[in-house]
Amino acid sequence: MTRRVAVVGGGSSGLACIKCCLDEGLEPVCYESSDDLGGLWRFKENPESDRASIYHSVIINTSKEMMCFSDFPIPAHFPNYMHNSLIMDYFRMYADNFRLTKHIRFNTRVLQVKQRSDFSHSGQWDVETENKDGKKERHIFDAVMICIGHHCNPNMPLQDFPGIDTFTGKYFHSRDYKTPEEWRNKKAVVIGIGNSGGDIAVELSRVTKQVYMKHK
């Protein structure tokens with residue numbers, strides 16, 4: 001009997017897991033809560049709850065040779081450092097080439113994953129899902145792969161900023177940043193100098209009166 005595997009999330013990791021399961025003769029079923037694949041790399045104008053969100057200008061910070069799937073090179077005519085729209089094109093090419101999309105249940109959330117009562121000898125899992133119409137279902141799987149990433153929920157330690165409750169300007173997480181136009185001719189401070197902080201500070205510097213960077 002073919003062993004069934006639940007894959008939670010249809011982003012880059014989820015796609016790779018579907019492919020690996022098929023290579024091993026397993027039966028993968030991928031649950032993706034949105035209406036499309038791509039996960040983090042799918043740009044949306046408005047951030048959605050419990051989903052990663054990127055700004056319009058995001059490009060990869062590693063070369064295409066380093067980030068591509070080992071069994072499916074990125075096309076030679078793509079630039080070494082690709083815009084997020086090209087990454088999505090690549091993911092679609094990968095999914096189409098290996099016929100992965102038919103194994104994905106879009107608009108379906110995973111509500112619960114737990115060991116079955118006989119897990120000690122069956123090794124099986126109960127997985128509860130809900131589709132966009134609110135229909136809930138229970139499924140039995142031999143294994144579960146969690147591929148939801150770790151950029152879904154923003155970290156906003158406002159308790160570390162005395163006086164923030166009386167600040168009259170706007171403050172927000174980089175997750176909510178999309179383009180610099182809103183900040184034209186204004187002053188801004190970017191807290192943090194990681195990948196997002198550096199990108200956003202440079203982009204803002206082209207339109208704002210002044211950009212300050214703050215980091216430990």
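In this predicted model, the side chains of Glu27 and Arg4 meet in a salt bridge, with N and O 3.5 Å apart; the term stands for a side-chain nitrogen of Lys or Arg within 4 Å of a carboxyl oxygen of Asp or Glu. The pair ties together distant parts of the chain, with Glu27 in strand β2 (residues 27–31) and Arg4 in strand β1 (residues 4–8), 23 residues apart. Helices (H or I, at least four residues) and strands (E, at least two) are DSSP runs, numbered from the N terminus. Glu27 is partly exposed at a relative accessible area of 35%, and Arg4 is also partly exposed, at 25%. Here buried means under 20% relative accessible area, exposed means over 50%, and partly exposed is in between (1.4 Å probe, protein chains only). As for the numbering and the model, residues count from 1 along each chain as its sequence is written, and local features need pLDDT of at least 70, side-chain atom pairs count only at pLDDT 80 or more, while totals for chains, interfaces and linings use all residues. Side-chain values rest on heavy atoms, with hydrogens and water left out.

The structure holds 13 salt bridges, and some of them join up: Lys19, Asp23 and Asp71 are linked in a network. Within it, the side chains of Asp23 and Lys19 come to 2.8 Å, N to O. Both sit in helix α1, four residues apart, which is about one turn of the helix. Lys19 also pairs with Asp71, where the closest N and O atoms are 2.7 Å apart. Lys19 is buried, with a relative accessible area of 9%, whereas Asp23 is partly exposed at 49% and Asp71 is partly exposed at 35%.

Helix α1 (residues 12–23) also carries Ala16. Leaving out residues up to four places away in sequence, Ala16 touches Phe69 and Tyr94, where contact means heavy atoms within 4.5 Å.

Lys64 tells another story. This residue is found in helix α2 (residues 64–67) and is buried without a salt bridge; the nearest side chain of opposite charge, Glu65, is 4.9 Å away. For charge, Lys and Arg count as positive and Asp and Glu as negative, with His and the chain ends not counted. A polar atom of the Lys64 side chain does lie 3.2 Å from the backbone oxygen of Pro75. Among the residues that Lys64 touches are Ile74, His77, Phe78 and Asn80.

Zooming out, the chain has five helices and nine strands. Its C-alpha atoms fill a box of roughly 65 × 45 × 35 Å along the principal axes. Buried residues make up 34% of the 216 residues. Of the contacts between residues at least 6 apart in sequence, 48% join residues at least 24 apart. Tyr212, in strand β9 (residues 210–214), is partly exposed, with a relative accessible area of 45%.

Conventions:
A polar contact is a pair of N or O atoms within 3.5 Å; within protein, one must be able to donate a hydrogen and the other to accept it, and residues adjacent in sequence count only if both atoms are side-chain atoms.
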